[in-house]
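Here's a friendly walk through one protein chain. Have a look at the picture, then read on for the rings, the sheet and the core.

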Amino acid sequence: MQEDRPPRPPFDRDAALIKVQAAEDAWNTRDPERVALAYTPDSVWRNRDVFLEGREEIVAFLTRKWERERDYALRKSLWAYDGDRIAVRFQYEWRDAEDRWWRAYGNELWEFDERGLMRRREASINDTPIAEADRRIRGPRRADERGSGIPLR
């Protein structure tokens, strides 16, 4: 039997905010196995131009991602919610093998099952190079930063 992952739909604002922060916290661990547990066993993803199905593919994808995207740190922000769906915008920063820094900007559309597990994730993402001096995301949020938005640029 699958584990419940509260909060469960239908989402109100408070529940959606909890879900978004939980996702941000999990992704900032850079632990593919932990992150994959938030998704249904048959979850489907579109991540940029990559299409995945199921936890095994999610774990493999995230493992490759975090081997390539060093010092990855993420911020997510609630955009909208309705019933069993949540939309977020996000930014993350990472360093490549040549020590160049990047900021990724994107939007995600999430759909959940009745247990609060994500069954569908669609992510549109753009990367832009940044100078190390322009970094602003340096690890997981501190407690006093929770709930704060992320700037457009």
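## Aromatic pairs

Let's begin with the rings: this model, which is a predicted one, has 10 aromatic pairs.

With Trp-27 in helix 1 and Trp-45 in strand 1, the pair ties together parts that are 18 residues apart in sequence. Trp-27 and Trp-45 are both buried. They also belong to a cluster linked by ring pairs, along with Tyr-39, Phe-61, Trp-66, Tyr-72, Phe-90 and Tyr-92.

## Charges over rings

Lys-76 lies over the face of Trp-27, 5.4 Å from the ring centre. Over the ring of Trp-45 you'll find the charged end of Arg-121, at 4.2 Å from the centre.

## The sheet and its helices

What order do the 6 strands of the open sheet come in? They run 2-1-6-5-4-3, with mixed pairing. Strand 2 (50–53) and strand 3 are at the edges with a single partner strand each, so one side of each has no neighbour in the sheet. On average, neighbouring strands are turned by 20° against each other, direction ignored.

Strand 1 and strand 2 run antiparallel and are joined by 4 bridges. Here Asn-47 stands opposite Val-50 in strand 2. Helix 1 packs on the sheet, touching strand 1, strand 3, strand 4, strand 5 and strand 6, and its direction makes about 165° with that of strand 3. Helix 3 lies across strand 1, strand 2, strand 3 and strand 4, at about 50° to strand 1.

## The nonpolar core

The largest nonpolar core has 31 residues, and those touching the most other members are Trp-27, Trp-45, Leu-62, Ile-86, Tyr-92 and Trp-110. Among the elements that supply at least two residues each are helix 2 (32–36), helix 3 (55–68) and strand 4 (85–95). Helix 1 gives the most, with 6 residues.

Which residues does Leu-62 contact, leaving aside its neighbours within four places in sequence? The answer is Trp-27, Pro-32, Val-35 and Trp-45.

Note on methods: Residues numbered from 1 in each chain as written. Predicted model: local features only at pLDDT ≥ 70, side-chain atom pairs only at ≥ 80, totals over all residues. Heavy atoms only, no water. Core = buried A, V, L, I, M, F, W, Y, C linked by side-chain atoms within 4.5 Å. Buried < 20%, exposed > 50% of the residue type's maximum accessible area, 1.4 Å probe, protein only. Contact = heavy atoms within 4.5 Å. Pairing = 2+ DSSP bridges. Axes fitted to C-alpha atoms, helices over the stretch in contact; angles between N-to-C directions. Phe/Tyr/Trp six-rings, centres within 6.5 Å; stacked < 30°, edge-to-face > 60°. Lys NZ or Arg CZ within 6 Å of the ring centre and 35° of its normal.
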